[in-house]
Amino acid sequence: MKISIPSRVGPLTKIAMPCFVEQLLLVVVNVLSTMIVGQLGKAELSASSMSNQLVNWLQCAYVGLGAGATVVIGRMWGKGDREGAARGFMQSLKLTIIVSVAVLVLTVVFENAIVTLFFGGAEQAVIDNIHTYFFYCMIGMPATAIANVIGASLRGVGDNKTPLYTTAVLNVVNLILSFLLIFGVPACGIPRMGIAGAGIAISSARVVSAVFVIVYIFVKKKPILPEHYELGFHGETIRRVTRVGVPSAVEQIVFQGGFVILQSLLIGFGTVFQAGYQIGANLNNIICAPSAAMGVACTALISQTLGKKDWEGAKEYVKAANFIIYTVFIGISILMFFAAPVFSRMYSSDPEVISEGIFFARMFALMALPIGVMQAMAGILRGAGDAKYIAVTNVVGLWLMRVCLVWLLSIWTGNGHLAVVIGCGSDFLWRAISYTLRVRKGNWLHIRV
């Protein structure tokens, strides 16, 4: 039987590949960093993973603005409004800096209360490590915000290579500094800093990557740079960016907040269970790399295509996305399932932690296909400006199915493994089906942004 390949597979793949390499670089360094910290002990492994969930949650305040920038700039670029695209970038950048600095200040002031609120039930050794790692990670938040909004804006004009270069710089610097600072180099006078070194390494890398991308876009004279710079705010552009960005930010805040709450629920099953779950969740990022790349590519291309009012072209991109997802993710699922023991042993030498890691890694491997479908279809809807629907379905999926269902099942059955499998599985399936049906309905083609 001859397989018919959709016509837009080539263009979609061309845009998605740099995004995929960028996401893969992020994942690989994140995985390696977690593996390095895991060698310090299970308390450090749990603390770093729990802190990262909290940092990711707080970063959502400005990540949503990046999504708004991609959509609005993509629309303007698609209809040939170069000046409007540059204005969209500058307004998004100003908003992002203000929000990220505000979050950093509030976090530093209330750091102790925040850690106690979410992770107060953990073992004292874990809590002590969280305080150290979380503080150092948050210092780099404004730099992360700047690099994020620049990358999002560049994707809106079809430039996926510059964000890739920025991520490569971030990862290389982080990996080098992690080795040097965590374990130390006595011969060079660098002391062993443990988990504090891991936090300092990632924040330093974020600052370096932000400086790099700022210099790079000026040297290369990227089209998002305006001809004339204005200190004030442009009301109409701000409204357009926030119309998409605020729902996306709320969606991500609620969504990532659910992960933080889930972490606090899993604390009750012990440090070994928690460490094993973190291994599985960390390896799940490998699955999410291609799906996230497909989502980003779909958002950029759909926004540009709809800006040109090319409805048929947008439908072709949907077909192409589905073809790629169903072709690729079955293979990824099989690979990750059988490779789980090998990966888990890289994180820890503790047999109990390794056993738990294998279980959760295989759980996420079996969910690879719905994760891929979910990310791709969400990218299409975001590109069309349908951010509110994604926000609502994320709330329902994560909080009702993953958080509440895990909590209830853990109480009723006392079995954390069963609770997590049913809760996570229900969440991924719900959102994959909801987004697919929404895309098939077709109303997203005519949303005004």
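Q: Hi! How much space lies in the largest pocket?
A: About 330 Å³. Keep in mind that this is a predicted model, where local features need pLDDT of at least 70, side-chain atom pairs count only at pLDDT 80 or more, and totals for chains, interfaces and linings use all residues. Residues are numbered from 1 along each chain as its sequence is written, and side-chain values use heavy atoms, with hydrogens and water left out.

Q: What counts as a pocket here?
A: On a 1 Å grid over the protein atoms alone, a pocket is an open set of points with protein on both sides within 12 Å along at least five of seven lines, while a cavity is a set where a 1.4 Å probe fits but cannot get out. Lining residues have an atom within 4 Å of a point. Grid points are joined across faces, edges and corners, and the volume is the space filled by probe spheres set on the points.

Q: How do the lining residues divide by class?
A: Six are nonpolar, two polar and six charged. Ala, Val, Leu, Ile, Met, Phe, Trp, Tyr, Cys and Pro count as nonpolar, Asp, Glu, Lys and Arg as charged, and the others, Gly among them, as polar.

Q: What about the second largest pocket, what volume does it have?
A: About 250 Å³. Twelve residues line the second largest pocket, and Arg75, Leu306, Gly307, Lys309 and Ile447 lie nearest its centre. Its lining has five nonpolar, two polar and five charged residues.

Q: Changing topic: how many residues does helix 14 have?
A: It has 27, running over residues 387–413. From first C-alpha to last, helix 14 reaches 36 Å, close to the 39 Å expected at 1.5 Å a residue. That expected span is 1.5 Å times one less than the number of residues.

Q: Where is the kink in helix 14?
A: It is centred on Leu405 and amounts to about 35 degrees. The bend at a residue is the angle between axes fitted to the seven residues ending there and the seven starting there.

Q: Which residues of helix 14 are buried?
A: Quite a list, including Ala387, Ile390, Asn394, Leu398, Arg402, Val406 and Leu409. Buried means under 20% relative accessible area, exposed over 50%, and partly exposed in between (1.4 Å probe, protein chains only).

Q: And what comes just after helix 14?
A: Gly414, which takes a positive phi of about 70 degrees.

Q: Which residues touch the most other members in the largest nonpolar core?
A: Leu12, Met294, Ile380, Val420 and Trp444, in a core of 69 residues. Helix 10 gives the most to this core, with 16 residues. A nonpolar core is a set of buried Ala, Val, Leu, Ile, Met, Phe, Trp, Tyr and Cys residues joined through side-chain atoms within 4.5 Å.

Q: Is Met377 buried or exposed?
A: Met377 counts as buried, at 1% relative accessibility. Its place is in helix 13. Met377 and Leu437 are 60 residues apart in sequence and 9.4 Å apart in space, C-alpha to C-alpha.

Q: What about Glu352, buried or exposed?
A: Glu352 is exposed, with a relative accessible area of 52%. This residue is found in helix 12, and its C-alpha is separated by 52 Å from that of Arg75, 277 residues apart along the chain.

Q: Now the loops: where is Lys221?
A: Lys221 is in the loop between helix 8 and helix 9. Its phi is near 55 degrees, a positive value in a residue other than glycine. Lys221 is exposed, with a relative accessible area of 71%.

Q: And where is Pro186 found?
A: Pro186 is in the loop between helix 7 (161–183) and helix 8 (195–219). At 72% relative accessibility, Pro186 counts as exposed.

Key:
Helices (H or I, at least four residues) and strands (E, at least two) are DSSP runs, numbered from the N terminus.
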